[in-house]
Structure formats: structure tokens, C-alpha cells
Amino acid sequence: MAMELKWIGFDFGQCMMDPTGLRNYLVIGDVSKDLGEPELIEERIHKYRILKEKYGSYSAVKEGHRDEIMSYVFDRREDARELFSAREQQHLLMGKGLRETLQYLKNEGIHMAVVAELKKTLGAMGTDIVTRFLQANQLTQYFEEVITPQGDIDLNTGSVDLAYKGKTKEEGTLYDELICHLAERGIRPSEGAMVGDKITTDILPARKRGFHTVQYTGYIDMGPSEADYTINDFVQLKGFVAKRVT
Ligand SMILES: [Mg+2]
């Protein structure tokens, strides 16, 4: 049976954004060359690895301790910050079938938002990994907003609404806030769906609040869940999503 929807939220990391191509040592190498310091590549890769040991994974370092990459790995070179974000972006891929599916859903008249777990404070559009990715891949046109625990970015105006500040997907408080915003637009949770890879943040808390849920396993399969559907290619959404009229 098809899901009749007015709204879909898409998770970002390991869902819309596929980090398969990301090799952290390549990014460090690229940036060091950009800085004209190729002789420091090995030492910097080593320092980056130390940060990874300290925080558990490269994603943890990048999400929560980006400043230390600049201060410790890149010796406080201010120009490294922008170069690092730009070089990193070149290695990120789009989830399978994403653009084609977003175009289809937009044509259907379904409203869409990115619902991401961003830990870094928001700046101007294009300075965080999510809006930079949307811009680099010409995906901004498909979404109305980017909702994060740092605030909600309106993609038309670039303005940030701080109602979501401090609310998270895992605790579900971000979905509670989302439900209020959707209600103002006449959209109920049962007319919305959340698509994501992580069961504890994208599936369980959203489902508990009445959203339909779709587990994306195209990058990583987190195992069985109570999601309504499981997909490994976004194109599969076209098979069971229909616009809800009324
Ligand atoms: Mg994810």
C-alpha cells in the first residue's frame, strides 16, 4: 500500500550524503599541498590519527572537534579551515538515486526538508557541511529547510530559526518541535515520513510520534527495524510514495 504524504524529511549523513569516497588522509594531503606545505603531510596525517584515537572516529572529530583539527593538525593556519571544508566536500557522494527521486517528489508536490544532526554552530549558508553539500550538488532547490539541533535554516532566505536549538533526534525533542511547525501548515505526522539510516535517531523516535518511516540501507545497513519500508536506493521511494490530496 502506498504512503500518501505531504511532507518528507531526509537524514543527511550516510543517507543523502554517502561518505564512501572520503579518505581522510587524502583530504589532509590535499589541504597541505594547497597551503604550499607538502612536507608536512605525513606529520599532519599522524596528528589527525591521534585525534581519531582520542575521540573514537574521524566523524566524531569532524562533527564535534573541528577546531582541534585546525589548531592541532594545521597549526592554527586560519586559511586551512576553508580549504579543509572545500576539499572534504569533493570526496562526498550523493546517496544512490537521490537527485532523480527528489525531482520526482518535488513534481508530485511533496514538501521536503533535510533533518540533520549538526553539532557545529550555524553560520552563513554554505559554511556548514550540509548546506555546502546541497549547494555543491545543486540540491538546494528541492528542500524548504535544513532542520538541525543548531537551528532551522530557511533555504530560501538563509535565515536561521533557533526554535530547534538544543533539540535532538535521538531524544525526540526535535521531532516534537517539527510536529508543531508542520501543524501550523496543516500537516499531521501521519501525512509525513522520515527517511534515514540510523534506527535510534531516524526511525524509532519519528515512528513513535506518528510519522511514517523509511530505513535507508544504501550506505550502511543498521539491521532490522520497525520502519514501514527499507530501501537501498532512493529510487525505490517512487514505488510507494504518493501525494496526499485534501
Ligand atoms: Mg545518518
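**Ground rules**

I am working with a predicted model, in which local features need pLDDT of at least 70 and side-chain atom pairs count only at pLDDT 80 or more, while totals for chains, interfaces and linings use all residues. Residues are numbered from 1 along each chain as its sequence is written. I take helices (H or I, at least four residues) and strands (E, at least two) as DSSP runs, numbered from the N terminus.

**Entry: the chain as a whole**

I noted 9 helices and 12 strands in the chain. The radius of gyration is 19 Å, close to the 18 Å from the globule rule for 246 residues, so the chain is as compact as a globular protein of that length; the radius is taken over C-alpha atoms, and the rule is 2.2 Å times the number of residues to the power 0.38. Along its principal axes the C-alpha trace spans about 65 × 35 × 30 Å. I found that buried residues make up 37% of the 246 residues, a residue being buried if 20 or more other C-beta atoms lie within 10 Å of its own, exposed if 12 or fewer, and partly exposed in between, with C-beta atoms placed from the backbone. Of the contacts with a separation of 6 or more, 59% join residues 24 or more positions apart, where contact requires C-beta atoms, placed from the backbone, within 7 Å.

**Entry: α2 with α4**

Two packed helices are described by the angle between their axes and the distance between the axes. I read an angle of about 140 degrees for α2 and α4 (residues 66-73), with the axes 10 Å apart; axes are lines fitted to C-alpha atoms, for helices over the stretch in contact, and angles run from 0 to 180 degrees between N-to-C directions. Arg44, Lys47, Tyr48 and Leu51 of α2 meet Glu68, Ile69, Tyr72 and Val73 of α4. I sorted the residues of this contact into 5 nonpolar, no polar and 3 charged, counting Ala, Val, Leu, Ile, Met, Phe, Trp, Tyr, Cys and Pro as nonpolar, Asp, Glu, Lys and Arg as charged, and the others, Gly among them, as polar.

**Entry: α1 and its two partners**

I then turned to α1 (residues 24-34) and α5 (residues 78-90), whose axes come within 9 Å and cross at roughly 135 degrees. That angle makes α1 oblique to α5, since under 35 degrees counts as roughly parallel, over 145 as roughly antiparallel, 65 to 115 as roughly perpendicular and the rest as oblique. α1 passes α5 in a right-handed crossing. On the α1 side I listed Val27, Asp30, Val31 and Asp34, which meet Ala80, Leu83, Phe84, Arg87 and Glu88 in α5; the residues of this contact divide into 5 nonpolar, no polar and 4 charged.

For α1 and α2 (residues 41-55) the axes come within 9 Å and cross at roughly 135 degrees, and these helices are therefore oblique to each other. Their crossing is right-handed. Here Asn24, Tyr25, Ile28, Gly29 and Ser32 in α1 meet Ile41, Arg44, Ile45 and Tyr48 in α2, and I counted 5 nonpolar, 3 polar and 1 charged among the residues of the contact.

Gln138 is exposed, with 9 other C-beta atoms within 10 Å.

**Entry: Gln14**

I also checked Gln14, which is not a glycine but has a positive phi of about 65 degrees. Gln14 sits in the loop between β2 (7-10) and β3 and counts as buried, with 20 C-beta neighbours inside 10 Å.

**Entry: Ile153**

Lastly I looked at Ile153 in strand β7, which counts as buried with 29 C-beta neighbours inside 10 Å. Leaving out residues up to four places away in sequence, Ile153 touches Leu122, Met125, Thr131, Glu145, Val146, Gly158 and Val160.

How values were computed: A crossing is left-handed if the near helix is turned anticlockwise from the far one by less than a right angle, and right-handed if clockwise. Two residues are in contact if their C-beta atoms, placed from the backbone, lie within 7 Å.
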